[in-house]
Amino acid sequence: MDGIQERTAEQELPYNVFAKACPSRGTLEHVTGRWGGLTLGALYEGPLRFNELRRRVDGVSEKMLSQTLHALERDGLVHREAQPTNPPRVDYELTPLGRDVAERLLSLIHFVEGRMDDVLAARAHYDTARGTL
């Protein structure tokens with residue numbers, strides 16, 4: 001595409017994540033933030049209870065996981081199912097939209113994991129060049 005075609009295509013999009021007021025920006029932040037991406041990736045394997053999910057996403061606090069799940073549920077990516085049992089049982093699972101998003105995230109995650117040797121070498125080179133070891 002040349003510059004004119006690109007600008008026309010951008011103008012035709014109903015949402016533009018690069019525009020400050022676009023609601024897609026918030027969803028992108030929920031999906032690509034540290035806990036959102038890890039939560040979606042963990043739930044791709046299947047439904048999990050809150051504590052199972054918290055153990056799977058190592059390092060997340062209860063508060064942050066709760067906030068993340070609320071945001072992802074509000075965006076339509078996660079479904080929360082509360083069972084009327086004593087004690088209450090709550091399961092979380094991906095919606096069809098959430099599965100689509102998680103598949104794309106997992107592709108990126110696997111790509112990054114596969115290239116970590118390159119990343120670590122680049123970090124070492126950067127640190128050596130700047131004397132920040």
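Student: What does Glu 45 form a salt bridge with?

Tutor: With Arg 56; their closest N and O atoms sit 2.7 Å apart. Keep in mind that this is a predicted model.

Student: Is Glu 45 buried or exposed?

Tutor: Exposed, at 58% relative accessible area. Arg 56 comes out as partly exposed, with 45% relative accessibility.

Student: OK, how many salt bridges does the count come to?

Tutor: Four. One of them joins the side chains of Arg 54 and Glu 62, at 3.8 Å from N to O. The cut-off is 4 Å, so that pair counts.

Student: How accessible are Arg 54 and Glu 62?

Tutor: Arg 54 is partly exposed at 32%, and Glu 62 is partly exposed too, at 48%.

Student: What about Asp 118, what does its side chain meet?

Tutor: Arg 115, in a salt bridge with an N to O distance of 2.6 Å. Asp 118 has a relative accessible area of 41%, which makes it partly exposed, and Arg 115 is partly exposed at 42%.

Student: Switching to the fold. How many helices and strands are there?

Tutor: Seven helices and three strands. Going along the sequence, the pattern reads α-α-α-β-α-α-β-β-α-α.

Student: In what order do the strands sit in the sheet?

Tutor: β1-β3-β2, as an open sheet with antiparallel pairing.

Student: How many bridges join β2 to β3?

Tutor: Six, with β3 covering residues 89-94. Within that pairing, Gln 83 stands opposite Arg 89 of β3.

Student: Which helix lies across the strands?

Tutor: Helix α3 (residues 34-43) lies across β1, β2 and β3, at about 95° to β3.

Student: Last topic, the whole chain. How much of it counts as buried?

Tutor: 25% of the 133 residues. The accessible surface is about 9,700 Å², and carbon and sulfur atoms account for 53% of that.

Student: And what share of the contacts join residues at least 24 apart?

Tutor: 41%, taken among contacts between residues at least 6 apart in sequence.

Technical notes: Residues numbered from 1 in each chain as written. Predicted model: local features only at pLDDT ≥ 70, side-chain atom pairs only at ≥ 80, totals over all residues. Heavy atoms only, no water. Pairing = 2+ DSSP bridges. Helix = DSSP H or I, 4+ residues; strand = E, 2+ residues; numbered from the N terminus. Contact = heavy atoms within 4.5 Å. Axes fitted to C-alpha atoms, helices over the stretch in contact; angles between N-to-C directions. Buried < 20%, exposed > 50% of the residue type's maximum accessible area, 1.4 Å probe, protein only. Areas by Shrake-Rupley, 256 points an atom, 1.4 Å probe, with all protein chains shown as cover.
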